[in-house]
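Let's take a look at this one together, one feature at a time.

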Amino acid sequence: MARSMGRSMGRWMGRWRIRSWAGAVTWPTLRWVVMAPGDHPETAEATGGGSGPGSAAPSHWVRWHESYEDPASPLSLRLRLVQSMVRDVLDSVPPEHPGPIRIVSLCAGQGRDVIDVVSTHPRGSDVSALLVELDPELAPSARDRAAAAGVADQVRIVEGDASLCRWYQDSVPADLVLVCGVFGNISRSDLTRTIQALPGFCWMGSEVIWTRHRRPPDATPFVRAQFADAGFEEVAFEAPDGYVLAVGRHRLVAEPPAGAFDPEAKLFDFVGDGALPA
Ligand SMILES: C[S@@+](CC[C@H](N)C(=O)[O-])C[C@H]1O[C@@H](n2cnc3c(N)ncnc32)[C@H](O)[C@@H]1O
């Protein structure tokens with residue numbers, strides 16, 4: 001049975017009425033599965049990860065994304081969980097929401113979590129999303145994906161270092177921030193810095209969706225405590241038995257402090273490209 005901490009939130013919070021997180025996720029029979037590949041070093045090494053600069057071979061991260069082609073992979077399960085939460089957030093935005101529904105995604109990869117939902121959701125045309133991805137193959141492939149899905153006008157993909165807050169200057173406060181595939185690849189101090197900076201990306205009521213593997217020592221209790229410390233409440237935490245993946249959803253429940261967003265800040269160094277423990 002999956003552990004889920006979804007809560008009913010039928011009350012006004014921040015800028016819109018929050019609907020309950022119904023956990024509309026069905027769980028497969030758990031027979032296999034150990035982990036979402038690439039969120040930690042051994043998986044990357046097992047797949048020969050880490051092609052060097054100038055290499056003609058696809059980068060480690062390009063190969064990491066190949067697991068999305070297998071609907072039975074842990075990564076595909078993780079994607080469905082994230083997409084279900086993104087969909088739920090869009091469902092909860094009231095029609096009178098002022099301006100575009102803003103989404104920001106750090107280290108967005110192919111952008112499947114945002115693009116595939118925005119292109120199919122009734123509120124998709126109201127979305128203005130910014131996806132930041134460093135890999136020179138993945139960023140264009142996310143752009144192609146957005147164009148093929150007909151949402152190139154809603155989803156902007158920047159090829160750049162997502163740790164630099166200046167990218168988000170014109171896109172925050174966002175209604176939804178995605179930090180997926182990041183927390184397993186940065187140091188604990190960077191993790192703390194990133195979570196403490198997230199209120200600066202938000203309005204009161206904005207949500208953050210994040211992922212982290214639970215390979216021992218499981219860092220997700222630390223991540224969840226950091227969110228609480230930064231003024232977020234937990235809406236959901238999905239950690240299916242038999243998998244090491246976990247997906248969290250947090251909502252900012254206080255006004256962000258004045259000046260919380262620092263466009264000069266650098267949040268993290270990515271150390272998880274298959275070479276170093278994160
Ligand atoms: C584990 S993958 C997650 C991708 C995507 N968020 C997902 O969940 O499918 C990590 C991604 O971070 C990207 N990345 C690594 N360092 C980055 C940086 N400094 N800025 C932006 N993207 C970065 C990698 O290229 C890779 O696509």
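**Reading the core and the backbone**

Q: Which residues have the most contacts inside the largest nonpolar core?
A: A nonpolar core is a set of buried Ala, Val, Leu, Ile, Met, Phe, Trp, Tyr and Cys residues joined through C-beta atoms within 7 Å. Buried means 20 or more other C-beta atoms within 10 Å of a residue's own, with C-beta atoms placed from the backbone. Here the largest core has 67 residues, and those with the most contacts inside it are Val86, Val114, Leu131, Val155, Val177, Val179 and Ile209. Helix H3 (residues 74-92) gives the largest share, nine residues. Helices are DSSP runs (H or I) of at least four residues and strands (E) of at least two, numbered from the N terminus.

This is a predicted model: local features need pLDDT of at least 70, side-chain atom pairs count only at pLDDT 80 or more, and totals for chains, interfaces and linings use all residues. Residues are numbered from 1 along each chain as its sequence is written.

Q: Where do the buried residues of helix H6 lie around its axis?
A: In H6 (residues 188-197), Asp190, Leu191, Thr194 and Ile195 are buried. They fall within an arc of 130 degrees, taken from the directions from the helix axis to the C-beta atoms, so they line one face of the helix.

Q: What is the phi of cysteine 107?
A: Most residues other than glycine have a negative phi, and most peptide bonds are trans. Cysteine 107 has a positive phi of about 55 degrees, and sits in the loop between strand E4 (101-106) and helix H4 (112-118).

Q: Which peptide bond ends at proline 173, cis or trans?
A: The bond from valine 172 to proline 173 is cis, with omega near 0 degrees.

How values were computed
A residue is buried if 20 or more other C-beta atoms lie within 10 Å of its own, exposed if 12 or fewer, and partly exposed in between; C-beta atoms are placed from the backbone.
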